Amino acid sequence: MNDSNQYQERKAYFDSLLTIYGRKPVLEALQDADITPFRLHLAESNKQAGIIQDMCRLAANKGAEVLYHNRDALSRISKNKKQDQGVVLDIKAPSYQHISNLQSNQQKELIAVENVTNPQNLGMIIRSVGASPMAGVIIPKRGCAPLDALVIKASAGAIFKTAIFYCDNLEKEVSNLKGAGYQLLGLAGHGETPLNKLTTKGPAIFVLGNETEGLSSELIDACDGLVHIPMHNQVESLNVSIAASLVAFRGMYRE
């Protein structure tokens, strides 16, 4: 194996890690039997007692490496110096992968999210997709809530069991997937097709937008069609996580 291949494999591995921070979230993750830690990062200024000792013991029992850093170096890892509390944990997430994998391995149906900034909503979307027949969820690294301890908690651990495809630029990547044969469908209140009447042809991606503003005009323009959820009693809209659940489980309970 040449150096270039080794580099790509190493990069892919580290890109598949999720990073959380904060003493309570990290301790809970280390105590969770379903979570496999890779590295525990600690500030050199932490007192080696109490919860820090517990973290080191749990990390060692799970075979995770423990590294010590000065505060500036640790903040570059956590990307949140004000809230990391001197503790950061890298977690192995084998189902977390780059969106390019979808081009060479077409899946049936997926949900993509744009600018979903509420961690609870994002976690619940991941949980719904994981429990449904959907093949996975597409989450851009920019614009959405980070996949941190809040999202992990809201997903009730489903984040480690659900196929998550990450990217930097959602509009660009889903447009590429259109070229690879995916049908792109946006969820919007003014969509022309009711969700319960929709028939897809081949692999499809359902795109859901921001909690208050919906889909951006750029993504609306990129879509092959827009879909709406029929509403009653003059209710105008649903929470994005509820809408995602309806999309994820669509067709399962038709008569």
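Guide: Two strands pair if DSSP finds at least two bridges between them. Helices (H or I, at least four residues) and strands (E, at least two) are DSSP runs, numbered from the N terminus. This is a predicted model, where local features need pLDDT of at least 70, side-chain atom pairs count only at pLDDT 80 or more, and totals for chains, interfaces and linings use all residues. Residues are numbered from 1 along each chain as its sequence is written, and side-chain values use heavy atoms, with hydrogens and water left out.

Visitor: How many bridges join β2 to β4?

Guide: Look at β2 (residues 36-43) and β4 (residues 87-92), which run antiparallel. Thr-36, for instance, sits opposite Lys-92 in β4. The number of bridges joining β2 to β4 is 6.

Visitor: And which residue of β3 is the bridge partner of Leu-40?

Guide: β2 is also joined to β3 (residues 65-69), this time parallel, by 5 bridges. In β3, Leu-40 has as its bridge partner Val-66.

Visitor: Is Thr-162 buried or exposed?

Guide: Thr-162 is in the loop between α7 (149-154) and β8 (164-167). Buried means under 20% relative accessible area, exposed over 50%, partly exposed in between (1.4 Å probe, protein chains only). Thr-162 has 2% relative accessibility, so it counts as buried.

Visitor: Which residues is Thr-162 in contact with, leaving aside neighbours within four places in sequence?

Guide: Contact means heavy atoms within 4.5 Å. With those neighbours left aside, the contacts of Thr-162 are Ser-95, Ile-126, Val-129, Gly-130 and Val-137.
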